[in-house]
Amino acid sequence: LHTRKSPRLDTMDGADESCVICRIEAYLNPTMKLTMATCGHKFCETCITVKTASSASIMCPVCKLQLPRSSFLSHAREDSLLEKETSYRRKVTRVFNKMREDFPSLDAYNDYLEEVEDMIFNYINNTDVEATNERLRRYAQENAHQIETNNAKRAQTQRELAQRIVDEQRQQDARRSFALQQALEEQDRKEGKAPQKPAKAQEPAQTPSSSSIHSFSNTIN
């Protein structure tokens, strides 16, 4: 069962619950869905979707293995208790969504994270559920503006990240295409073939101007 162990930032190993490509931690982004590959490392669905859009496999940046899409197994579905915890965690962190920058010190932020964990613990273990619901409702009402602002910041961060991944993939594709072209030209050079040049478009025939036509008419008349 879920315990009250708090994910204090001065001791926790965030790499265990973060995407190995974008490095975003799932705990701080409740909408993120992590998937575990057969190599044992975790990837977010956004990175998997983007990376497999133009390639049949993904290279794990940690162990350097080439992973086909079929090698990814959703660890969130492997255990019903984990699925339950994930659902409650999203419910709470959609409202309690403050970030480190919202606090004057790390200790204050850690206390806030511990409060979040206590609420999740209550939901999972069916303890003080009514009081926890009221606490969540009251906090949402009192902090509506900041909640909306932080959600907007997170959404913007995710959009920027997704765009960076797409741009990186395009650059990789361009470099791969250039390298292939260079290799083909080198092969042609070794075989004594002239490098292929794009066909030059023929210039269109010039249309006689109206003044030229009039001059020619006067001549034959």
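Colleague: Quick one to start: what covers the buried residues of H5?

Modeller: The cover includes helix H1 (45-53) and H4. Helices here are DSSP runs of H or I with at least four residues, strands are runs of E with at least two, and both are numbered from the N terminus. Buried means under 20% relative accessible area, exposed means over 50%, and partly exposed is in between, with a 1.4 Å probe and protein chains only.

Colleague: What kind of model is this, and how are residues numbered?

Modeller: This is a predicted model, where local features need pLDDT of at least 70, side-chain atom pairs count only at pLDDT 80 or more, and totals for chains, interfaces and linings use all residues. Residues are numbered from 1 along each chain as its sequence is written, and side-chain values use heavy atoms, with hydrogens and water left out.

Colleague: What's the mean pLDDT?

Modeller: It's 77, and 75% of the residues reach 70 or more. pLDDT is the predictor's confidence in each residue, from 0 to 100.

Colleague: Which elements have the lowest and highest mean pLDDT?

Modeller: Helix H6 (residues 210-220) is lowest at 46, and helix H4 (residues 129-142) is highest at 94. Over residues 1-15 the pLDDT is below 50, although that stretch has 36 contacts in the model beyond near neighbours in sequence. Contact means heavy atoms within 4.5 Å. Residues 212-221 also stay under 50, and there the model has 1 contact beyond four places in sequence. Where pLDDT is low, the predicted coordinates should not be read in detail.

Colleague: Noted. How many helices and strands are there?

Modeller: There are 6 helices and 5 strands. From the N terminus on, the elements run β-β-α-β-β-β-α-α-α-α-α.

Colleague: Back to H5. How many residues does H5 have?

Modeller: H5 has 47, spanning residues 144-190. From its first C-alpha to its last it reaches 69 Å, close to the 69 Å expected at 1.5 Å a residue. That expected span is 1.5 Å times one less than the number of residues.

Colleague: And which H5 residues are buried?

Modeller: Ile 147, Asn 150, Arg 154, Leu 161, Ile 165, Gln 169 and Asp 188. Just after H5, Gly 192 takes a positive phi of about 80°.

Colleague: New topic: which residues have the most contacts inside the largest nonpolar core?

Modeller: Val 92, Val 95, Phe 96, Tyr 112, Val 116, Leu 136 and Tyr 139, in a core of 16 residues. H3 (106-124) and H4 each supply at least two of the core's residues, and H3 gives the most, with 8. A nonpolar core is a set of buried Ala, Val, Leu, Ile, Met, Phe, Trp, Tyr and Cys residues joined through side-chain atoms within 4.5 Å. Apart from this core lies another, of 11 residues, among them Cys 19, Ala 26, Met 32 and Ile 165.

Colleague: What does Phe 96 touch?

Modeller: Not counting residues up to four places away in sequence, Phe 96 touches Tyr 112, Glu 115, Val 116, Met 119, Leu 136 and Tyr 139.
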